[in-house]
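Colleague: I have some questions about the labels on this model. Can you take me through them?

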Amino acid sequence: MIPTGIMVHSTGANNPNLKRYVGPDDGFLGNNPNNNHWNQYKPDGSAKCVHAFIGKLANGEIATYQTLPWYMRGMHAGGTANTNYIGFEICEDGLNDKNYFDKVYKEAVELTVTLCKIYNIKPEKPNIICHSEGKAMGIASAHADVMHWFPKHGKSMDTFRDDVARELNNTVAPNYPVLKKGDKGESVKTLQNKLNTFGYNLVVDGDFGNKTETALKDFQSKNNLTADGICREKTWAILNSPFKTPEEITIENAVKDGVITEIDYWLNALYGKIAVSKENLKLLMDTYHEVCQAAK
Ligand SMILES: [Zn+2]
């Protein structure tokens with residue numbers, strides 16, 4: 001899928017330990033003797049499959065575990081939000097421990113900021129919502145998370161979106177200056193090189209002229225940015241993202257960009273140790289889609 005939103009969930013049970021939901025034990029999670037973690041495929045379609053969990057490691061530290069590729073359709077919303085929302089779960093405790101809440105809330109903000117940067121998601125409604133907000137919008141099932149919890153500690157999804165927006169504005173790559181027509185130098189060369197990786201054919205001369213400006217405006221409009229031909233932080237962030245526009249997400253580009261190593265990782269997680277080549281990747285992806293269809 002092409003993620004256009006993020007849905008925040010919490011687990012609805014008093015168990016803040018990641019090992020309850022994520023397995024098997026990797027040495028950090030700890031052992032779950034019941035082997036009832038959520039990141040496993042079930043042929044009867046009863047599996048809940050979310051993209052990540054935030055909770056406690058065996059040593060008590062807070063961590064995020066990714067359990068699906070961000071661009072793979074999950075099963076977390078109980079509604080149509082599954083088709084385009086990344087869904088992550090925060091492991092609930094008894095809901096009254098402010099110290100635990102503050103830590104997992106901060107972790108959730110950081111994860112959301114990262115995802116917003118990768119997929120150019122604006123930190124606003126309806127892009128960033130919780131399960132209960134999804135219900136109100138008609139795209140998720142009737143669950144109360146996370147609004148049965150956040151307000152107990154003075155937070156809400158509004159504060160969450162505000163905190164994500166603030167973090168996003170603060171985490172700007174310092175090495176990428178604002179560039180516009182007339183600018184010259186190494187950073188202009190970087191910009192031209194980056195634009196060329198998105199299919200533009202600019203001469204990399206370090207001189208920001210008409211052609212660079214036209215290419216930049218085109219890139220900006222294709223990526224929902226203000227097409228003003230000025231390269232600012234948000235444009236740099238997308239230029240630096242390994243992800244391209246939907247039409248450009250092909251196996252060939254994935255190989256070229258090195259993204260294939262990640263696909264390789266996930267396919268191996270699903271199918272065991274397979275040497276993934278450009279040739280058999282299509283077959284593996286098709287098989288995976290069939291598995292998804294069967295599970296629906
Ligand atoms: Zn939920």
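Colleague: How many bridges join strand β2 to strand β3?

Modeller: This is a predicted model. In it, five bridges join β2 (residues 52–56) to β3 (residues 62–66), and the two strands run antiparallel.

Colleague: What makes β2 and β3 a pair?

Modeller: Pairing needs at least two bridges. These strands have five, so they pair. They also form a hairpin, with five residues between them. Gly 60 in that turn has a positive phi of about 95 degrees.

Colleague: How do you know that β2 pairs with β4?

Modeller: Three bridges join them, and the cut-off is at least two, so they pair. They run parallel. Ala 52 stands opposite Phe 88 in β4.

Colleague: In which sense do β1 and β4 pair?

Modeller: Strand β1 (residues 5–10) pairs with β4 in the parallel sense, over six bridges. Ile 6 stands opposite Ile 86 in β4.

Colleague: Why is β4 called largely enclosed?

Modeller: Buried means 20 or more other C-beta atoms within 10 Å of a residue's own. Six of the six residues of β4 (residues 85–90) are buried, so the rest of the structure largely encloses this strand. Tyr 85, Gly 87 and Glu 89 are buried on one side, and Ile 86, Phe 88 and Ile 90 on the other.

Colleague: What span is expected for helix α4, and what does it reach?

Modeller: Helix α4 (residues 186–197) has 12 residues. At 1.5 Å a residue, 16 Å is expected; α4 reaches 17 Å from its first C-alpha to its last, which is close.

Colleague: What covers the buried residues of α4?

Modeller: The cover includes α5 (210–222) and α6 (233–239). Among the buried residues are Val 188 and Leu 191.

Methods. Residues numbered from 1 in each chain as written. Predicted model: local features only at pLDDT ≥ 70, side-chain atom pairs only at ≥ 80, totals over all residues. Helix = DSSP H or I, 4+ residues; strand = E, 2+ residues; numbered from the N terminus. Expected span 1.5 Å × (residues − 1). Buried ≥ 20, exposed ≤ 12 C-beta atoms within 10 Å, placed from the backbone. Contact = placed C-beta atoms within 7 Å.
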